[in-house]
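Hello,

Here is the structure we discussed handing over. Please open it first; my notes follow below.

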Amino acid sequence: MAGGLLLTVGDSPEPIEISLKDRAPDYVCFLCTPQSRTHLDRIVAGAGLTPSRYQVFEVDDRPGEAARLAHQVIEASRWLQARGLKGEDIVLDATGGRKWMSSAATLMAGAIGLAMSYVEVRYRDGRPDPATMQVISLANVVIETGILEAGRGVSLFNAGEFSAAAAAFSATSHRVADADLRDLMGALAELSGILERWDRFLHLREPLAQPLAAVRARLARSRYLAGAADPLSERLGRLATAARVLSEGIGPASLADLVANARRCQRRGRYDDA
């Protein structure tokens, strides 16, 4: 393997040495405290790292520094990317750090989309057995649950930015592991696309009642919507009815639709469109 490796450094250098040997990275960032920094000479020499291939990020050894350490994860990722690495080429291994360090680093790595791993070890006579250490890849639960990207999609949708919302939901649907959640994200992407076409008045020449009915049925099946499914279904039913009326030709409903569109544009600051 190659790429970049972020390592939290605590009291024991052995897991870090195992991770370096397994990954053989091009570049390394060490996240350490003044106390754990004393292990770096041994670690760097053992891995054969030249000064240009690694960078040290230091924080004080106290849980109150968790936010600062999380920020250092971002800085370390930037340092690695400045050396030509892509985000998907960077891995965090937080095994070696103190518990508060590993927690903060893992949370931030998940949020910015880094891959993660840890060194698993078996215990003998109450002590870790170095001979049993092996590197295990971890799933990024932030990506696999889609929690951040889905939240961004909801915010965009509620702001009336339907095209951007569709992109966010679609991206999430391709990443999440759960099939039901994947279907929900796909349905929300489809709904966002329908409303984007409506905003561009394409509903006047391409019928949207049937697509609305179809996406309404998909959303009604979602176990994730729970109590929100009925109000949403009712609202989409009214939209489908309005779409049918508008497709029949110019009339009073067309004027109401035009005014509603202008109000949405005004709320988004699109005064020329309004």
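**Helix α3 and the sheet**

Helix α3 lies across β1, β2, β3 and β4, and runs at about 165° to β2. Angles here go from 0 to 180 degrees between N-to-C directions, with axes being lines fitted to C-alpha atoms, for helices over the stretch in contact. Helices (H or I, at least four residues) and strands (E, at least two) are DSSP runs, numbered from the N terminus.

Two notes on the source. This is a predicted model, where local features need pLDDT of at least 70 and side-chain atom pairs count only at pLDDT 80 or more, while totals for chains, interfaces and linings use all residues. Residues are numbered from 1 along each chain as its sequence is written, and side-chain values use heavy atoms, with hydrogens and water left out.

**More on α3**

The 16 residues of α3 (residues 66-81) should span 22 Å at 1.5 Å a residue, the expected span being 1.5 Å times one less than the number of residues. The end C-alpha atoms are 23 Å apart, which agrees.

Which residues of α3 are buried? They are L69, A70, Q72, V73, A76, S77, W79 and L80. Buried means under 20% relative accessible area, exposed over 50%, partly exposed in between (1.4 Å probe, protein chains only). Seen down the axis of α3, the buried residues fall within an arc of 165°, so they line one face of the helix. The arc is taken from the directions from the helix axis to the C-beta atoms. On the other side of α3, A67 and R78 are exposed.

The buried residues of α3 pack against β1 (4-8), β2 (27-32), β3 (54-58), β4 (90-93) and α4 (99-111). Contact means heavy atoms within 4.5 Å.

**The sheet itself**

The sheet is open, with six strands in the order β3-β2-β1-β4-β5-β8 and mixed pairing. Strands pair if DSSP finds at least two bridges between them. The edge strands, β3 and β8 (134-138), each pair on one side only. Twist averages 25° from one strand to the next.

β2 and β3 pair in the parallel sense, over five bridges. F30 stands opposite V56 in β3. Helix α1 also packs on the sheet, touching β1, β2, β4, β5 (115-120) and β8. The direction of α1 makes about 175° with that of β1.

**P25**

P25 sits in the loop between α1 (14-23) and β2. At 5% relative accessibility, P25 counts as buried. Leaving aside neighbours within four places in sequence, P25 is in contact with A2, G3, G4, L5, L20 and R53.

Best wishes
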